[in-house]
Amino acid sequence: MSAGPLSGEAAAPASGLAAPFDRALALLTEPLAAIVVVAEILVLLTGVIARFVFNHPLTWSDELASIMFLWLAMLGAAIAQRRGQHMRMTALVGMLSGWLRGLIEAAGSAAPALFLLLVLHPAYNFAEDQTFVHTPALGLNDIVRAAALPAGIVLMLAASLVRCADRGWRDLVLAIAVIAGLAGLLYALGPWMRGIGNWNLVVFFAFLLGLGVLAGVPIAFSFGLSTVSYLMLTTTTPLEVIPGRIDEGVSSLILLAVPLFILLGYLIVMTRMSTAMVNFLAALVGHVEGGLAYVLLGAMLLVSGISGAKTADMAAVAPVLFPDMKKRGIHEGELVSLLAASGAMAETIPPSIVLIIIGSVTGVSIAALFTGGILPGVVLALALAFIARRRMAESSGVERGVTTMREIGRAFVIAVPALLLPIIIRVAVMEGVATATEVATIGIAYAIVVGILVYRSFDWRELYPALVGTAALAGTILFIIGTATCMSWALTQSNFSHALAAALAQAPGGKYGFLIGSIVLFIVLGSILEGIPAMVLFGPLLFPVAKQLGVHEVHYAMVVILAMGIGLFAPPFGLGYYAACSIGRVDPNAGLKRIWSYLAALVVGLLVVAFVPWISTGFLP
């Protein structure tokens with residue numbers, strides 16, 4: 001999710017004196033980020049071709065990709081900061097008005113600048129320390145890679161200052177005074193907090209973090225400020241650990257798949273592959289009463305197997321189906337409710353980015369997660385289909401037409417090239433033919449070729465915005481992972497993880513009590529924190545407990561991912577719900593009273609998945 005309650009919506013460009021600096025930052029970061037995305041794809045695709053076609057692995061390809069990946073993450077984070085697209089919760093801020101809203105929004109702009117100022121010098125020191133390290137294959141000084149951290153922080157800081165300058169000076173000065181007052185209070189309470197032991201975690205990771213999130217401070221910076229405050233006021237740990245943990249969090253090669261699948265999501269929309277799939281499903285069942293609801297659910301299952309990103313899935317499906325559904329007299333609140341619920345339903349459908357991230361932070365096999373994720377998604381789709389059939393009452397007398405077998409066959413032939421893509425992706429990863437990263441590069445190449453030669457709808461003018469958008473969204477996700485890794489490390493060092501593990505291991509009801517507790521926890525976390533930070537923070541802590549209680553790691557992954565998805569798409573706080581409203585061009589109030597039956601169906605389906613482990617593990621080797 002991104003700025004405001006909507007997904008993919010950038011803040012207005014800076015105006016006045018800040019405008020020239022804003023344009024200069026755009027010219028400095030966006031073309032470079034687009035070049036890095038293209039270079040990343042070419043390097044990885046070259047490595048795949050060399051290994052599988054010529055049987056000659058390139059020892060340097062992964063190393064070079066890793067170097068560029070850190071630069072991509074930091075450049076993307078800087079672009080997202082300039083555009084105001086970092087994930088944040090604005091539900092409460094949106095309820096305010098007048099001077100109080102101006103103050104809170106100014107504080108939300110100033111707080112990231114404070115965090116970046118605090119970690120700038122430690123990031124420089126961290127990069128300088130890496131000069132003693134050389135990469136094994138290319139023999140490059142590691143500062144070539146590590147310099148991305150201080151460079152990215154400088155660019156983000158510049159973007160933050162531009163956003164601050166674009167605020168009213170009175171609001172900004174007052175916000176700085178409030179932040180300074182809070183910092184002074186925490187400093188004065190430092191000796192007391194050091195004396196209460198781990199109870200100080202409540203101050204930093206409940207009160208301070210919650211205050212930041214509710215005030216609309218981007219989630220990544222809320223994590224970072226809470227962690228920095230904890231380290232500075234209660235420990236002697238140097239702040240150089242912060243850039244080190246950020247580097248560790250975003251440098252996993254598994255995460256290379258994140259920007260690639262984001263770009264693939266852009267491509268399936270650009271090439272109209274998604275439109276071909278949706279039209280085939282519409283021809284198949286769209287003519288029956290309530291059939292378009294089934295088409296929407298089926299399309300989300302199919303498209304989720306390509307893009308990996310829920311916003312891309314919804315953007316590919318809603319514009320195609322919503323006009324016809326509205327013509328049939330279906331209330332727009334029902335439409336957006338089903339769209340949001342289907343987003344939560346499809347969280348486990350491979351190659352979901354959440355699956356890739358949870359595999360990265362917990363060590364669970366990506367192939368096993370991809371295999372185990374299909375059936376739980378289908379179970380929740382059936383639960384939603386049951387409710388949709390009862391609620392999607394169409395206006396009487398609406399002419400739906402009858403689709404002939406010839407029309408179905410024609411739609412199928414047109415859709416075949418698009419339908420092959422999710423099959424290629426899933427089979428390649430599940431059978432061990434290619435990693436998630438490798439298959440993403442293959443998918444991108446396939447989508448470009450099919451778009452140009454088959455659908456002939458590849459618009460080269462849309463490619464540059466897609467590349468920049470890919471970098472921005474990837475940077476947002478990866479920077480959250482980096483700061484969440486810092487916070488998770490701090491919690492681990494405080495022995496909080498051991499206390500949490502001990503408490504959950506003793507939950508009444510054994511493993512089923514643990515599963516129910518996890519469902520409640522991740523629904524709440526998904527609603528408040530957004531899914532990815534919740535996974536990065538609590539995945540490494542809770543998966544060992546699940547294993548200790550005899551819960552299969554793939555089964556547990558499906559349960560917590562689906563719970564997180566329900567929270568993410570549940571109003572009033574779930575950012576995914578507002579993203580669905582934005583994409584469907586529907587007033588959020590239209591669905592507030594209608595979405596609950598769909599969410600109830602999802603919860604019932606989730607309980608079935610939780611209490612029947614075979615649904616998640618039955619097809620594992």
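The following conversation concerns a predicted model of a protein chain.

User: What is the average pLDDT of the protein chain?
Analyst: The chain of this predicted model averages a pLDDT of 84, and 93% of the residues score at least 70.

User: Where is confidence lowest, and where is it highest?
Analyst: Helix H22, residues 496–505, has the lowest confidence with a mean of 71, whereas helix H27, residues 596–611, has the highest at 94.

User: Over which residues does pLDDT stay under 50?
Analyst: Residues 1–9 stay under 50, and the model gives them 35 contacts beyond four places in sequence. Residues 394–399 are also below 50, with eleven contacts in the model beyond near neighbours in sequence. Where pLDDT is low, the predicted coordinates should not be read in detail.

User: Turning to pockets, how much space lies in the second largest pocket?
Analyst: The second largest pocket holds about 610 Å³. Its lining comprises 24 residues, and those closest to its centre are Leu114, Ile179, Leu182, Leu208 and Leu225.

User: Which elements give two or more residues to that lining?
Analyst: They are helices H3 (98–129), H6 (169–188), H8 (200–214) and H9 (219–234). H9 gives the most, with seven residues.

User: How do the lining residues divide into nonpolar, polar and charged?
Analyst: The lining of the second largest pocket has 20 nonpolar residues, four polar and no charged.

User: Now Thr135: where does it lie, and is it buried or exposed?
Analyst: Thr135 lies in the loop between H3 and helix H4 (143–146). Thr135 counts as buried because its relative accessible area is 11%, and buried means under 20%.

User: What is Thr135 in contact with, leaving aside neighbours within four places in sequence?
Analyst: Thr135 is then in contact with Glu63, Ile67, Leu140 and Asp142.

Terms used: Residues numbered from 1 in each chain as written. Predicted model: local features only at pLDDT ≥ 70, side-chain atom pairs only at ≥ 80, totals over all residues. Heavy atoms only, no water. 1 Å grid on protein atoms, 1.4 Å probe; cavity = no way out; pocket = protein on both sides within 12 Å on 5 of 7 lines; lining within 4 Å. Points joined across faces, edges and corners; volume = space filled by probe spheres on them. Helix = DSSP H or I, 4+ residues; strand = E, 2+ residues; numbered from the N terminus. Nonpolar A, V, L, I, M, F, W, Y, C, P; charged D, E, K, R; others polar. Buried < 20%, exposed > 50% of the residue type's maximum accessible area, 1.4 Å probe, protein only. Contact = heavy atoms within 4.5 Å. pLDDT = per-residue confidence, 0-100.
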